[in-house]
2 protein chains.
Amino acid sequence: MNKPLILVTNDDGIDAYGIRALIAVMNELGDVYVVAPDSPQSGMGHAVTINATLHLEEYNKFPGPQKEWSCSGTPADCVKLAKQQILPRLPDLCVSGINHGSNSGISVIYSGTMSAAIEAAIENIPAIGFSLNDYSFNPDFETSKYFVKKIAQQVLQNKLPNNIALNVNIPLGKLQDIHGIKVCRQANSLWVEEFEKRIDPRGKDYFWLTGYLKNNDEGTDTDEFALKNNYVSIVPVKADLTSYTTIRAIERWFD
Amino acid sequence: MNKPLILVTNDDGIDAYGIRALIAVMNELGDVYVVAPDSPQSGMGHAVTINATLHLEEYNKFPGPQKEWSCSGTPADCVKLAKQQILPRLPDLCVSGINHGSNSGISVIYSGTMSAAIEAAIENIPAIGFSLNDYSFNPDFETSKYFVKKIAQQVLQNKLPNNIALNVNIPLGKLQDIHGIKVCRQANSLWVEEFEKRIDPRGKDYFWLTGYLKNNDEGTDTDEFALKNNYVSIVPVKADLTSYTTIRAIERWFD
């Protein structure tokens, strides 16, 4: 049997420790192609590059059997370019991450990590975004690697329903601290922004976006709840944003 | 009774003809604050500016009762900054557009226009993104203005369910060519990419993203179907990406 073909990308950039951990695991599972941004793309949501040119470069900085390219675009651009210009066939799996920082709750819609996974899902490629709830530059990815492998193996074996990607968030801690894996729904949460206003050397105001994720959801079936209780959370996500329940509510407006 | 407070933004930039048409209509309905990008932001998806500073400038180029600010950030940044730094209270309505080009089907997830509306919806502000199915620089927005007013009035009067935004697409044509308004679901469609490969003056390859929207959905209840049949389409959208049907399917994987 042929080895699975696996596309790896991320949003922290091709040199990030998180993608290196992900590549190490994927090299155990299949033939690995890496197409990742040449610079950090956090917070890029599902951006694509329309008004600028895109560059791809073969990238040979790191040892290993994987083939690598760096890309000047966003995570979604990386998936599109990989499929159209690089991969020998549609891959069996696309993995994105491991993100430095969690993408639970509403963060999924701001997340470059998840935009790559969703882009792959739109193309019917089974896809997973992995994030570690640790914002440091060089976190310990050893525990993450255990769960990445376990979840990726399940997806390679069982596939996923059409156009579905998995949003996986991993809590901080050693393997023995983590109680298991929970399949969840996205918590109803939002970022509470606290812009930091500063004054530049020429006396002009400017702002830095800061803030914190606020969980407004008391459910025990959410990703926020799972993470808080030291479980790995998996939320299956889709690109159909339709609120079906609202369709009926507003139809009568225009009778 | 106080006049409604209305926030106007877009992704084509504060000087675009589409936002000028939108402002003209909103000035008839309430007190208007405009906070819009200082340059085009098409395809930005739900990007936010994390790794760069944000600037806001009062903008007095255009006549009218509205108050205006240009912003160096993305459409989602504009909504966040407007709420935190500019608006006297939470607005009664946020409108985004009128986009030069449609945002039907899967385009909603790449759309800066809709990211602004979804950002407002997350904050529980009733929100609408408007797009005209015409990609020219200076389209005729007269027909659009009729539907913009009609739909905005309904939302001001009835509100929307929590965290829901409306994705409104308007077909080309005169008023008498358009058969009415349909509340729809998002069509299952995807962008078929055809990167155009070019060679720069120094002999290096680069790419432009091009392509077309392919509708894989034969349903007659979709936005693509409505537009094709000369109806204005309204898809209610939400920021919860959870695929609830998939939760059950994959739960047993990790028993």
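Predicted model: local features only at pLDDT ≥ 70, side-chain atom pairs only at ≥ 80, totals over all residues.

Residues are numbered from 1 along each chain as its sequence is written, chains are lettered from A and ligands numbered from 1 in the order in which they are written, and side-chain values use heavy atoms, leaving out hydrogens and water.

**Select chain A.** Colour it by secondary structure and you'll find six helices and 13 strands (DSSP runs: H or I of at least four residues for helices, E of at least two for strands, numbered from the N terminus). Its C-alpha trace spans about 55 × 50 × 50 Å along the principal axes. Of its 255 residues, 62% are buried (under 20% relative accessible area with a 1.4 Å probe, protein chains only; exposed is over 50%, partly exposed in between).

**Now Y33(A) and W69(A).** What is the angle between the planes of their rings? It is 0 degrees, with the centres 5.9 Å apart, so the pair is stacked (Phe, Tyr and Trp rings, six-membered for Trp, pair with centres within 6.5 Å; planes under 30 degrees apart are stacked, over 60 edge-to-face, the rest tilted). Y33(A) sits in strand β2 (residues 31-37) and W69(A) in strand β4 (residues 67-71), 36 residues apart. Both are buried.

**Last, hop to chain B.** Pick W253(B) and F254(B): their ring centres are 6.0 Å apart and the planes at 65 degrees, so this pair is edge-to-face. W253(B) is buried at 14% relative accessible area, and F254(B) is buried at 15%.
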